[in-house]
Amino acid sequence: MQKRISNIPFHGTKEQEEKLHQVIAKHKDDPGAIMPVLQDAQEIYGYLPIEVQTIIANEMGVPLEKIFGVATFYSQFSLTPKGKNNISVCLGTACYVKGAGALLDKLTSILGIQPDECTPDGKFSLTACRCIGACGLAPVLTINDEVYGRLTPDDIDGILAKYQD
């Protein structure tokens, strides 16, 4: 699954940028420090927008392509912001066979976003994952730390209503 670049404009703060510069300064002379710098940057911003990747590349003297390659290779990194409510649909074998694809289709239709995107109001983000380990409840989705199982597309409206405030 290819990672998407954010459809939301980047709005970093001066404080975040100062923290990022401190992280980079701490690791600047370590050529193997791309991973910890990216991890700390994601901790600061919540995701790794291209603007942040560019700062890291420039200050560490590493090509942007290398930073981007690491950020897109490892699943722990996100190129898109997470919404207040992060919805993750399990597309593992058990869930997929029992209709998870239809759940994902319904969510993309209702929210107007694709996986790895965030709604413009920042209320919801959507991801698709491989397995969350709740195969007995298939098909499953999570919203933040809540697990919803044995779902049909008709259940989606009622679930989302709980998160509309």
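Phe73 counts as exposed, at 64% relative accessibility; exposed means over 50% relative accessible area, buried under 20% and partly exposed in between (1.4 Å probe, protein chains only). This is a predicted model, in which local features need pLDDT of at least 70, side-chain atom pairs count only at pLDDT 80 or more, and totals for chains, interfaces and linings use all residues. Residues are numbered from 1 along each chain as its sequence is written, and side-chain values use heavy atoms, with hydrogens and water left out.

**Aromatic pairs**

- Rings of Phe, Tyr and Trp (its six-membered ring) pair if their centres lie within 6.5 Å; planes under 30 degrees apart are stacked, over 60 edge-to-face, and the rest tilted.
- By this rule there are two aromatic pairs.
- One of them joins Phe10 and Tyr45: it is tilted, with 5.7 Å centre to centre and 45 degrees between the planes.
- Phe10 sits in the segment before α1 (14-27) and Tyr45 in helix α2 (residues 34-45), so this pair ties together parts that are 35 residues apart in sequence.
- Phe10 is partly exposed, at 27% relative accessibility, whereas Tyr45 is buried, at 11%.
- Phe73 and Tyr74 form an edge-to-face pair, 4.9 Å centre to centre, with 85 degrees between the planes.
- Tyr74 is partly exposed, with a relative accessible area of 34%.

**Second largest pocket**

- A pocket here is an open set of points on a 1 Å grid over the protein atoms alone, where a 1.4 Å probe fits, with protein on both sides within 12 Å along at least five of seven lines; lining residues have an atom within 4 Å of a point.
- The second largest pocket holds about 230 Å³ of space, a volume filled by probe spheres set on the points.
- Its lining has 15 residues, and Ile8, Pro9, His11, Tyr47 and Pro81 lie nearest the centre.
- That lining divides into eight nonpolar, six polar and one charged.
- Ala, Val, Leu, Ile, Met, Phe, Trp, Tyr, Cys and Pro count as nonpolar, Asp, Glu, Lys and Arg as charged, and the others, Gly among them, as polar.

**Whole protein**

- The protein has seven helices and five strands, taken as DSSP runs (helices H or I, at least four residues; strands E, at least two).
- From the N terminus, the elements run α-α-α-α-β-α-α-β-β-β-β-α.
- The C-alpha atoms fill a box of roughly 55 × 30 × 20 Å along the principal axes.
- Buried residues make up 43% of the 165 residues.
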